[in-house]
Amino acid sequence: MTDPQPSRWNRRDVLKATLATPPLLIGAGSEAFAGPAQAAQDAAAGPAGAGDAVTRPARRSDLIAKENAKAGSTDWQLTRVRLDRNLGFRSSDIEGYCSRQSVAAGEQLDIMVSTREPVDFKIEIFRTGYYGGAGARLMTTLGPLPGRPQPVPEIGEKNLHECRWEPSASITIPEDWPSGVYLGRLTTLTDKSGFGYWQSYVVFIVKDDRPADILFQCSDNTWQAYNRWPNDYSLYTHPQGVQGPWADISFDRPYAKYGQIYENPQSIGSGEWLCFEFPFAYWLESLGYDVTYCSNSDLMTPDRGLKCKTMLSVGHDEYWDIRQYESVVKLRDAGVNVMFFSGNSVCWVTPMRPSFDGRENRILFRGGPYGGDYRYAVEREQNFGPYPHRGPDEGYLMGARNIRPVNGGGDWVCLRPDHWMFDGTGMTEGESIPGLVGWEFHGDPPPIPGLEIVAGGTALNGGVNPAPWQATIYPGPKDNFVFNASTIFWCQGLASPPGHMLPWSHWSRPHGPDVRVQRITKNLIDRSIA
């Protein structure tokens with residue numbers, strides 16, 4: 001449980017926690033892109049550690065390369081989906097959720113499913129990855145199983161919708177299922193016509209505790225914060241206000257269709273994974289990087305991250321429990337590299353508590369802003385509070401802050417082409433990558449010793465209001481670094497795999513895979529793991 005007493009950090013506290021550290025060592029850029037086999041061979045050569053405080057046992061560095069050498073599936077996406085109403089969110093023909101955000105091999109996962117009518121269904125479980133470009137591999141099929149309607153819960157205190165459905169299936173995660181993000185495709189075996197079927201997803205993360213080069217932290221707290229299931233119940237829809245501490249939300253409910261910036265039918269049941277994170281994982285696994293995956297809630301302590309060289313925040317990573325913030329600070333200070341390929345990250349303190357039956361970290365609310373005494377945190381308190389919590393100034397972790405306006409669209413503009421992260425890109429000062437900034441970002445970097453602004457410019461909020469942003473990098477205490485790309489859309493420049501749709505927002509859109517984005521990312525990751 002989160003400390004019930006209000007937590008307040010001021011600027012002095014944050015400055016005490018910020019280390020004055022030496023600048024990064026500048027070296028040669030990465031070699032040309034390598035495929036999975038070469039990447040695994042290079043990793044197996046034993047790259048140097050990033051700090052004595054970080055656990056560095058031998059790695060199974062070819063695990064991901066071997067997994068992606070297996071045959072992928074040509075049929076894992078949703079085909080027939082139907083919303084309950086036009087421009088709605090719920091898809092009650094078949095829908096479900098899982099008993100945990102993440103689960104390890106040997107642990108049991110319950111899958112709760114409801115169907116509009118009594119009808120048999122099946123669950124096909126896929127691991128998402130590269131798989132020769134297919135994007136996913138079929139791991140197992142459960143069923144046929146009997147489907148029936150399960151009840152929408154009564155509205156609880158603070159508008160809480162917490163389902164208490166009976167499990168439709170349970171699975172013990174096999175020992176040979178690698179860490180990754182898994183989709184369970186729910187499919188009815190028929191429909192009223194007798195010729196069709198209806199589908200949606202459930203999503204869960206398989207985690208592990210092995211040492212790995214890269215820890216990919218999924219932004220699932222934010223997926224849930226914007227989840228409107230059953231019709232309009234997210235953290236942003238309480239009648240007292242859209243940004244106050246008024247609403248509670250539960251992971252014990254299906255993910256409705258993604259409800260923000262664009263219509264994406266593949267998001268029904270899958271949160272924001274396919275929208276803003278999967279292209280990054282697909283790209284990493286295509287190159288055989290030694291990557292493992294976790295939930296926001298798996299970083300309540302630093303233990304998992306201390307076994308890795310690099311921790312990634314990807315996509316829309318807005319909601320962090322204060323314990324996660326403190327864990328990632330410890331990772332940085334222990335020598336783990338931290339990279340924010342994300343936007344609007346670490347914006348709200350998000351206390352988590354157990355479910356009705358005691359499962360940890362299943363209910364969250366917006367406890368208050370991060371930002372310490374920074375002006376926009378104070379402004380949020382004045383406009384939307386009072387809040388029971390106030391987090392530290394996130395800029396001293398991320399290298400840039402949540403600002404106002406925090407959303408818009410624009411081009412990602414290179415300011416430091418001589419920096420090693422741009423090696424091999426051929427980029428020049430002022431050169432831009434079209435549409436890569438959006439729909440939320442960061443700016444106003446704090447005065448961290450050695451911090452460099454490597455990219456920056458002006459996005460347009462609503463297509464007309466100027467919104468400055470900055471991408472930064474600063475040195476950590478043990479030859480590590482923290483990078484902030486300052487955009488939710490970064491992964492759009494890495495890959496456009498099956499099941500993914502390019503977004504657009506604020507009258508601006510990214511163009512898809514770009515060799516410059518790929519090279520910048522590879523330079524950063526290669527430096528971070530070697």
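How do the residues of the lining of the largest cavity divide into nonpolar, polar and charged? They divide into 11 nonpolar, four polar and four charged. Here Ala, Val, Leu, Ile, Met, Phe, Trp, Tyr, Cys and Pro count as nonpolar, Asp, Glu, Lys and Arg as charged, and the others, Gly among them, as polar.

This is a predicted model, in which local features need pLDDT of at least 70, side-chain atom pairs count only at pLDDT 80 or more, and totals for chains, interfaces and linings use all residues. Residues are numbered from 1 along each chain as its sequence is written, and side-chain values use heavy atoms, with hydrogens and water left out.

**Cavities and pockets**

Rolling a probe the size of a water molecule over the atoms shows where empty space is left. The search runs on a 1 Å grid over the protein atoms alone. A cavity is a set of points where a 1.4 Å probe fits but cannot get out. A pocket is an open set with protein on both sides within 12 Å along at least five of seven lines. Lining residues have an atom within 4 Å of a point. Grid points are joined across faces, edges and corners, and a volume is the space filled by probe spheres set on the points.

The structure has six cavities of 30 Å³ or more. The largest cavity holds about 150 Å³ of space. Its lining has 19 residues, and the closest to the centre are Cys-98, Arg-100, Val-203, Phe-251 and Tyr-255. Strand β8 supplies the largest share of this lining, five residues.

The second largest pocket has a volume of about 360 Å³. It is lined by 20 residues, with Gln-243, Trp-348, Arg-380, Val-406 and Asn-407 the closest to its centre. Two or more lining residues come from each of α8 (375–384) and β20 (432–440). Helices (H or I, at least four residues) and strands (E, at least two) are DSSP runs, numbered from the N terminus. By class, this pocket's lining has 10 nonpolar, five polar and five charged residues.

**Nonpolar cores**

A nonpolar core is a set of buried Ala, Val, Leu, Ile, Met, Phe, Trp, Tyr and Cys residues joined through side-chain atoms within 4.5 Å. Buried means under 20% relative accessible area, exposed over 50%, partly exposed in between (1.4 Å probe, protein chains only).

The largest core has 78 residues, and Phe-216, Phe-280 and Trp-412 touch the most other members. Helix α6 (residues 278–286) gives the most to this core, six residues. Another core lies apart from it, with 27 residues, among them Cys-308 and Tyr-370.

**Salt bridges**

Side chains of opposite charge can pair when their charged atoms come close. A salt bridge is a side-chain nitrogen of Lys or Arg within 4 Å of a carboxyl oxygen of Asp or Glu. The count comes to 35 salt bridges.

| Pair | N to O distance |
|---|---|
| Arg-116 and Asp-84 | 3.1 Å |
| Arg-323 and Asp-321 | 2.9 Å |
| Asp-444 and Arg-401 | 4.0 Å |

Asp-444 lies in the loop between β20 and β21 (452–461), and Arg-401 in the loop between α9 (395–398) and β19 (407–413), so the pair ties together parts 43 residues apart in sequence. Arg-401 counts as buried, at 4% relative accessibility, while Asp-444 is partly exposed at 26%. Asp-321 is buried at 0%, but Arg-323 is partly exposed at 23%. Arg-116 and Asp-84 also belong to a network of salt bridges that includes Arg-82 and Asp-93.
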